[in-house]
Amino acid sequence: MSGHLTPLGLSLLTVTVWALPLAVLSARTEVLVAILPFMLALAALALRPASPDYALTHETSTDRVFEGEVVTVTVSVTARSAIPLMEVLEPLPYGGELAAGRNRALMSLRPGQTASFRYEVRWTGRGLHDLGTVVVRGRDRWGVRAWERRHVDRTRVRVYPRIAPLHSLPRPFHTQTSIGDYTSAALGEGIEPGDIRQFTPGDRIRHRNWRASLRLGSLYVTQRHLERNADVVLMLDTLAEVGAAPETTLDCGVRAAASLATAYLARKDRVGLIVYGGLIDWARPGTGRAQYERLASTLLRADVVFTYVAKDLALVPTRVLPPHALVIAVTPLLDPRFTKAALDLAARGFDLVTLVVSPVAVTRTMLGPSETDDLACRLWSLERRARLDGLRSHGLAVLEWNPAQPLEPVLAGLRRHRPRLAAAR
């Protein structure tokens, strides 16, 4: 807390300081009588408390939102002593914008009176943001002395990337041993019908195939395929980006990764994440709501970190990148080091799908109408098309996505051939 004199108070003090020696030196009592009220007023103010007594509370409606959603902030002040005039201000964090209300209020309170104000703040981009720093300024009744106090009751708000509902997901070639939504080639307790064989002691009655048994004259049972889950690892490219926040290629890639993670977790798959860039960060595969929180927290920290060093995915632990996992690489393909890493994964036998966030489309939305820019973007598109065709010639499944369009149709258009070794599992 800090207290100081207002311009009016400084003026009164200056007049008093100059008039008092003048009255003494000139021996004029009328001057002393004239400044006596100012001297008494300044003395009375010096004896008063520097600031009034009050209590301030700060509340937020939630600490987790998605991009574009609002957080309601309520600030309340309860006066324990009279407050002639008070200004309460909470500066907006970086990237925040007012959605409703005002983050500043003026109030005058009697002892025991409570006043509050409420506003809504919105973030259009992902990240971690701190609320709860409130600045309070006040003046006395005569406007001579002012004070200022800063209250810090920090509340960290997590703004998660927007999630688009996805249904047409790339199907993993390999399944695991846990129960899930994928029909495995292995036979056992399941729903999907498989082969028919003769009855053996120990088979359950509900597995008997009465139609085949009546036709063939002996008991037959229907074998069923097991429903299994799969390991899915999302690999996010943070080596480079283009565009302006919050619509950069990295921001769009983060939203795509969050949407894919949510959809696969809903299918009971184990989902992991590798952030591949100047720094490598990861979240090991897991399931459930807690796993989504871990993935979302990792995605919030994803940012471009410049480096000349190419990271080696061979150093990533096996528990983070299982051998039979479906790897979905989300990248703008701006840095050849990520292309090399993707080809390395494919050469090591990983089931790889590459989702390319088109930097041409992101860049074009930033530029104004110009024939030169249109020509440059068309040439860039041709160069990138040749590069993507080169990746497809190596057997990679490559999808190009324009962030201005929904992701679902792009995933629905994926056609992959199941390898023979994978089909036998």
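1. A word on terms to start: contact here means heavy atoms within 4.5 Å. With that in hand, take T307, which sits in the loop between helix 5 and strand 17. Setting aside neighbours within four places in sequence, T307 is in contact with G278 and R337. T307 counts as buried because its relative accessibility is 15%, and buried means under 20%.

2. Now the overall picture, bearing in mind that this is a predicted model. The protein chain has ten helices and 19 strands. Of its 425 residues, 44% count as buried. Among contacts in the protein chain with a separation of 6 or more, 72% are between residues 24 or more positions apart.

3. Next, the largest nonpolar core. In soluble globular proteins, nonpolar side chains tend to be buried together. This core holds 40 residues, and those touching the most other members are L234, L260, Y264, I328, L355, W401 and L407. Elements giving two or more residues to this core include strand 14 (231–238), strand 15 (270–277), strand 17 (326–331) and strand 18 (351–357), along with helix 5 (289–300) and helix 9 (408–412). Helix 4 gives the most to this core, with eleven residues.

4. Leaving aside neighbours within four places in sequence, I328 is in contact with P170, V232, V233, L234, M235, L260, Y264 and V353. A second, separate core has 25 residues, among them V65, A79, I83 and V157.

5. How do helix 4 and helix 5 cross? Their axes come within 11 Å, at an angle of roughly 170 degrees. Helix 4 is therefore roughly antiparallel to helix 5, since angles over 145 degrees count that way. On the helix 4 side, the contact is made by V254, A257, A258, A261, T262 and L265, and on the helix 5 side by Q291, Y292, L295 and L299. By class, the contact has eight nonpolar residues, two polar residues and no charged residues.

6. Is R255 buried or exposed? R255 is found in helix 4 (residues 249–266), and R255 counts as buried because its relative accessibility is 8%. The side chains of R255 and E247 are joined by a polar contact of 3.4 Å. Not counting residues up to four places away in sequence, R255 touches E67, T124, P161, R162, P246 and E247.

7. P246 is found in the loop between strand 14 and helix 4. The peptide bond joining A245 and P246 is cis, with omega about 5 degrees.

8. Finally, two backbone angles to check while you have the model open. K268, in the loop between helix 4 and strand 15, has phi near 70 degrees, a positive value in a residue other than glycine. L333 lies in the loop between strand 17 and helix 6 (336–347), and its phi is near 55 degrees, again a positive value in a residue other than glycine.

Technical notes:
Residues numbered from 1 in each chain as written. Predicted model: local features only at pLDDT ≥ 70, side-chain atom pairs only at ≥ 80, totals over all residues. Heavy atoms only, no water. Helix = DSSP H or I, 4+ residues; strand = E, 2+ residues; numbered from the N terminus. Buried < 20%, exposed > 50% of the residue type's maximum accessible area, 1.4 Å probe, protein only. Polar contact = N/O pair within 3.5 Å; in protein donor to acceptor, adjacent residues only side chain to side chain. Core = buried A, V, L, I, M, F, W, Y, C linked by side-chain atoms within 4.5 Å. Axes fitted to C-alpha atoms, helices over the stretch in contact; angles between N-to-C directions. Parallel < 35°, antiparallel > 145°, perpendicular 65-115°, else oblique. Nonpolar A, V, L, I, M, F, W, Y, C, P; charged D, E, K, R; others polar.
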